Amino acid sequence: MTTTVGPGTAPGTYTATCTVTDAGLKGEERTDISERSSTDVLSAADIPWNLVVWNDPVNLMSYVSYVFQSYFGYSEAKSNKLMLEVHKKGRSIVAHGGKEQVEQHAVAMHGYGLWATVEKASSSGDGRGRKGGARG
């Protein structure tokens with residue numbers, strides 16, 4: 001069985017192709033081969049993503065808060081709250097939105113020297129399913 005997933009033609013659109021090949025079992029004279037293909041189009045814009053900033057032993061807490069203020073434009077209080085989540089819980093979801101947008105935020109966080117990753121937002125109602133970029 002071969003499964004291929006690749007980018008579609010429209011931005012944020014992905015095409016998944018699945019090809020299944022079933023050859024005869026070893027030792028049998030069966031030689032028929034069947035092949036199935038299906039194409040599903042998934043829209044990345046419909047799937048919310050989170051930007052997670054992780055705690056690290058390098059950056060000062062004040063610097064992390066500064067980055068949140070300067071890059072996202074968050075207030076000092078909100079930046080400090082998120083920074084304390086990073087410090088105490090080991091991670092904080094600091095933004096959410098479309099995959100491409102969140103990936104851009106992750107690259108920016110790396111530019112600031114912060115450890116950041118992108119993850120799919122859960123459907124557990126954690127409030128990260130909203131669209132529209134950085135949470136505010």
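Tutor: Start with a pair of helices. Helix α1 passes α3 in a right-handed crossing. Keep in mind that this is a predicted model.

Student: Which residues make the contact between α1 and α3?

Tutor: From α1 come Val 67, Phe 68, Tyr 71 and Phe 72. From α3 come Gln 104, His 105, Ala 108 and Met 109.

Student: How do you know that His 105 is buried?

Tutor: Its relative accessible area is 11%. Buried means under 20%. So His 105, with 11%, counts as buried. The residue sits in helix α3. Setting aside neighbours within four places in sequence, His 105 is in contact with Leu 51, Tyr 71, Phe 72 and Ala 95.

Student: What makes Leu 82 a buried residue?

Tutor: Its relative accessible area is 1%. The limit is under 20%, so Leu 82 counts as buried. Leu 82 lies in helix α2. The C-alpha atoms of Leu 82 and Ile 93 are separated by 7.9 Å, with the two residues eleven apart along the chain.

Student: Now the strands. How do you know that β4 pairs with β5?

Tutor: Count bridges. Two strands pair if there are at least two bridges between them. Six bridges join β4, residues 49-54, to β5. So β4 and β5 pair, and they run antiparallel. One example is Val 52, which stands opposite Ile 93 in β5.

Student: How do you know that β4 pairs with β6?

Tutor: Six bridges join β4 to β6, against a requirement of at least two. So they pair. These strands also run antiparallel. In β6, Glu 119 is the bridge partner of Asn 50, and Ala 116 is the bridge partner of Val 53.

Student: What is the order of strands in the sheet?

Tutor: The open sheet has three strands, in the order β5-β4-β6.

Student: Why are β5 and β6 called edge strands?

Tutor: Each has a single partner strand, so one side of each is left without a neighbour in the sheet. Neighbouring strands are turned by 30° against each other on average, direction ignored. Helix α2 packs on the sheet, touching β4 and β5.

Student: What makes β5 largely enclosed?

Tutor: Six of its seven residues, in the stretch 91-97, are buried, so β5 is largely enclosed by the rest of the structure. Strand β4 is mostly covered, with five of its six residues buried. Across the 136 residues of the protein, 29% count as buried.

Student: Which residues touch the most other members of the largest nonpolar core?

Tutor: The core has 18 residues, and those are Leu 51, Val 53, Phe 68, Phe 72, Val 94, Met 109 and Leu 114. At least two core residues come from each of β4, α1, α2, β5 and α3. Helix α1 supplies the largest share, four residues.

Student: Which residues is Val 53 in contact with, leaving aside its neighbours within four places in sequence?

Tutor: Its contacts include Phe 68, Val 86, Val 94, Met 109 and Leu 114.

Technical notes: Residues are numbered from 1 along each chain as its sequence is written. This is a predicted model: local features need pLDDT of at least 70, side-chain atom pairs count only at pLDDT 80 or more; totals for chains, interfaces and linings use all residues. Side-chain values use heavy atoms; hydrogens and water are left out. Buried means under 20% relative accessible area, exposed over 50%, partly exposed in between (1.4 Å probe, protein chains only). A nonpolar core is a set of buried Ala, Val, Leu, Ile, Met, Phe, Trp, Tyr and Cys residues joined through side-chain atoms within 4.5 Å. Contact means heavy atoms within 4.5 Å. Axes are lines fitted to C-alpha atoms, for helices over the stretch in contact, and angles run from 0 to 180 degrees between N-to-C directions. A crossing is left-handed if the near helix is turned anticlockwise from the far one by less than a right angle, and right-handed if clockwise.
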